[in-house]
Each structure stands twice: as structure tokens, then as C-alpha cells.
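Work through the following exercises on a predicted model. Each task is followed by a solution in steps.

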Amino acid sequence: MRISARADYAVRAALQLAAAQDAGPLKAEAIAEVQGISHKFLEGILGDMRKGGLVQSQRGGNGGYWLARPAESISVADVIRCVEGPLVSVRGERPPDLAYTGPAESLLPLWIALRASVREVLGVSLAEVAAAELPADITALADDPEAWTNP
């Protein structure tokens, strides 16, 4: 699976908003500076997140962006889907829309299992990530030394 810069930046911006959800709106410039993201690129991402219902915004001196829902109810997957579309696709199609024959027939359940696994891992909430309180099963996966190597 490949996480694009756009998805990475969107998640990082959402985490900044999650960490500041009780402090009021954050300006895009402030998020961009703290996270080392191009301000112009981030504005486009935040616009998509606003259209997708994940953030709200207000213009003006006291304006900025904030999460549209509590960070506990927004998953990393929600953010990625908002800016990139489906988490797992094959040739641009969702796995349930595919059909295979012959020796490739069992490939479909493999793609479905991959999608389920990605959903499980990326189902962690922004609140959990922002608080560095990842679920034990996610931590166990990351603690495996093999997870850190490229075959």
C-alpha cells in the first residue's frame, strides 16, 4: 500500500486539529509551519476535508479550521478516504466489484482480506494517535522487528 504525500499531510493536519480541539480554530499557516507542509498545498487539502465534512472553517482574524466532529469519532481511514478515495482498490475498482476465474479465483478473497486489514489498522481514531495511545494490537504489529524491514 502506498500512502501519498496528500494523505500523509491530511492526517498530520487532522492530528494538529485533534490536539487543539479545545483551543479553538487553527490557522492553516500555523498547521503548515508546525508540520513542515507547503501552505498552498495544505489549503487545498483542508478545502477537501471541509467539503468532506471532516473540518469546518471560519474566515477572519479569529478564524481558522477545527474538526467537525470529536477526534474520537474520526479515524485515520476517514481522513485518507476524504482526500484520496477508497483505501484499497485494484485497477481503480473496489474489490467486491471484481471477478476472477481459474487459478486467479482465490485472488478476490485475498484482496478483500487486505482491505479488511487496512480498515482495521487505519480505523484508529485521531484522538488515539494524537494522544499516543494506539490500540494494543496496532502496537504489537509495530513492535515486531520484521515490520520495520523491507523484504
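**Exercise 1.** Determine the handedness of the crossing of α1 and α2, and classify the angle between these helices.

Solution. Step 1: α1 and α2 cross in a right-handed sense; a crossing is right-handed if the near helix is turned clockwise from the far one by less than a right angle, and left-handed if anticlockwise. The elements are DSSP runs numbered from the N terminus, with helices being H or I of at least four residues and strands being E of at least two.

Step 1: the two axes cross at roughly 115 degrees and come within 10 Å. Axes here are lines fitted to C-alpha atoms, for helices over the stretch in contact, and angles run from 0 to 180 degrees between N-to-C directions.

Step 2: α1 and α2 are therefore roughly perpendicular to each other. The classes are roughly parallel under 35 degrees, roughly antiparallel over 145, roughly perpendicular from 65 to 115, and oblique for the rest.

Step 3: on the α1 side the contact uses Arg12, Ala13, Gln16 and Leu17, and on the α2 side Ile31, Val34 and Gln35. Contact means heavy atoms within 4.5 Å.

Step 4: by class, the residues of the contact of α1 with α2 are 4 nonpolar, 2 polar and 1 charged. Ala, Val, Leu, Ile, Met, Phe, Trp, Tyr, Cys and Pro count as nonpolar, Asp, Glu, Lys and Arg as charged, and the others, Gly among them, as polar.

On the conventions: residues are numbered from 1 along each chain as its sequence is written, and side-chain values use heavy atoms, without hydrogens and water. Because the model is predicted, local features need pLDDT of at least 70 and side-chain atom pairs count only at pLDDT 80 or more, whereas totals for chains, interfaces and linings use all residues.

**Exercise 2.** Describe how α1 and α4 pack, and state which residues meet.

Solution. Step 1: α1 covers residues 5-19 and α4 covers residues 76-84; their axes are 9 Å apart, at an angle of about 130 degrees.

Step 1: α1 and α4 are therefore oblique to each other. The crossing of α1 past α4 is right-handed.

Step 2: from α1, Arg6, Ala7, Ala10, Val11 and Ala14 meet Val76, Val79, Ile80, Val83 and Glu84 of α4. This contact of α1 with α4 has 8 nonpolar residues, 2 charged ones and no polar ones.

**Exercise 3.** Which elements supply at least two residues each to the largest nonpolar core?

Solution. Step 1: the largest nonpolar core has 36 residues. A nonpolar core is a set of buried Ala, Val, Leu, Ile, Met, Phe, Trp, Tyr and Cys residues joined through side-chain atoms within 4.5 Å.

Step 1: the residues with the most contacts inside this core are Leu17, Leu46, Met49, Leu67, Val79 and Leu126.

Step 2: at least two residues each come from α1, α2 (28-35), α3 (39-51), β2 (64-67), α4, α5 (107-122) and α6 (126-130). With 8 residues, α1 gives the largest share.

Step 3: leaving out residues up to four places away in sequence, Leu46 touches Ala13, Leu17, Ala28, Val55 and Tyr65.

Technical notes:
Buried < 20%, exposed > 50% of the residue type's maximum accessible area, 1.4 Å probe, protein only.
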